[in-house]
Amino acid sequence: MKTALIIGTGHFGSHLAERFSELGNEVMIVDSNEDNMKRLLPYVTSAQVGDCTDESVLKGLGIKNFDICFVCIGDSFQSSLEVTSLLKDMGAELVVSRATDEIHAKFLLKNGADSVIYPERDTALRIAARYTANNVVDYFGLSEDVSIYEIPVHSQWAGSSVRDLDFRANYQVNILATKKDGKMELLLSGDHVLREDEHLLVIGYQDQLQKFLKRID
């Protein structure tokens, strides 16, 4: 369990707070707009109305008591930058700030952010990847070069074992896990026989994955 401070409860901050809490963590939310926080009250440990660009507001939160601080302010980059810098100055252990583009990210990292996240960009990448190929169910970008794709089992693979199909030699990709009815199982043995009602989580370099998807389309 971790303790998290989430500053800003717009769409992204709200979803983050709800999910972080569902995973068993303690969450405190702060926003200058009280209405934004009302829906989240059943999920979070505590909530406070306040403007976190005000140093006295941040000091009153006990920043050093949190394992991670998320800066999710989306309507003012200046405010996001100020809050990020103040958090680090106050000794925050880990600061993760929301960025909208590479320029914002560079400024945030130079002013105290340990990491940045791009919710809009990442969502757009997943949607584009999912709908570009006919057989992609979901997509997860791990870096600029490495990705994971969730794909259905091709009819020509059904009934064959992973070892017999030898994805690494034939397609230059690896199978991480299988998924059925929303339940994922790590692929620990090449003896697993594929079924048409399963999905595969395939990892590889992006260029090899694109070649692989075209071959099975």
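A pocket, as I use the word today, is an open set of grid points with protein on both sides within 12 Å along at least five of seven lines. Keep that in mind. The model is predicted.

Let's start with the largest pocket. Its volume is about 740 Å³. How many residues line the largest pocket? The lining holds 21 residues. Nearest the centre are Y118, D122, T123, R126 and G141.

Where does that lining come from? Three elements each supply at least two residues: helix α1, residues 11-22, helix α6, residues 119-132, and strand β7, residues 138-141. Helix α6 gives the largest share, with seven residues. Eleven lining residues of the largest pocket are nonpolar, five are polar and five are charged.

Next, the second largest pocket. This one has a volume of about 350 Å³. Its lining counts 19 residues, and those closest to the centre are G8, D31, S32, I73 and D75. What is the class make-up of this second lining? Ten residues are polar, five are nonpolar and four are charged.

On to the strands. There is an open sheet of six strands, paired in parallel. Read across, the order is β3-β2-β1-β4-β5-β6. Which strands sit at the edges? They are β3, residues 46-49, and β6, residues 115-117, and each pairs on one side only. On average, neighbouring strands in this sheet are turned by 20 degrees against each other, direction ignored.

Look at the β6 end. Strand β5, residues 95-98, pairs with β6 in the parallel sense over three bridges.

Now the antiparallel part. Strand β9 covers residues 174-180, and strand β11 covers residues 199-205. Five bridges join β9 and β11, and the two run antiparallel. Here I175 stands opposite V202 in β11.

Strand β9 also pairs with β10, residues 183-186. That pairing is antiparallel too, over four bridges. A177 stands opposite L186 in β10. What do β9 and β10 form? They make a hairpin, with two residues between the strands. In the turn, D181 has a positive phi of about 55 degrees.

One general point for reading any of these strands. In a regular strand, side chains alternate between the two faces of the sheet.

Methods
Residues numbered from 1 in each chain as written. Predicted model: local features only at pLDDT ≥ 70, side-chain atom pairs only at ≥ 80, totals over all residues. Heavy atoms only, no water. 1 Å grid on protein atoms, 1.4 Å probe; cavity = no way out; pocket = protein on both sides within 12 Å on 5 of 7 lines; lining within 4 Å. Points joined across faces, edges and corners; volume = space filled by probe spheres on them. Nonpolar A, V, L, I, M, F, W, Y, C, P; charged D, E, K, R; others polar. Pairing = 2+ DSSP bridges. Axes fitted to C-alpha atoms, helices over the stretch in contact; angles between N-to-C directions.
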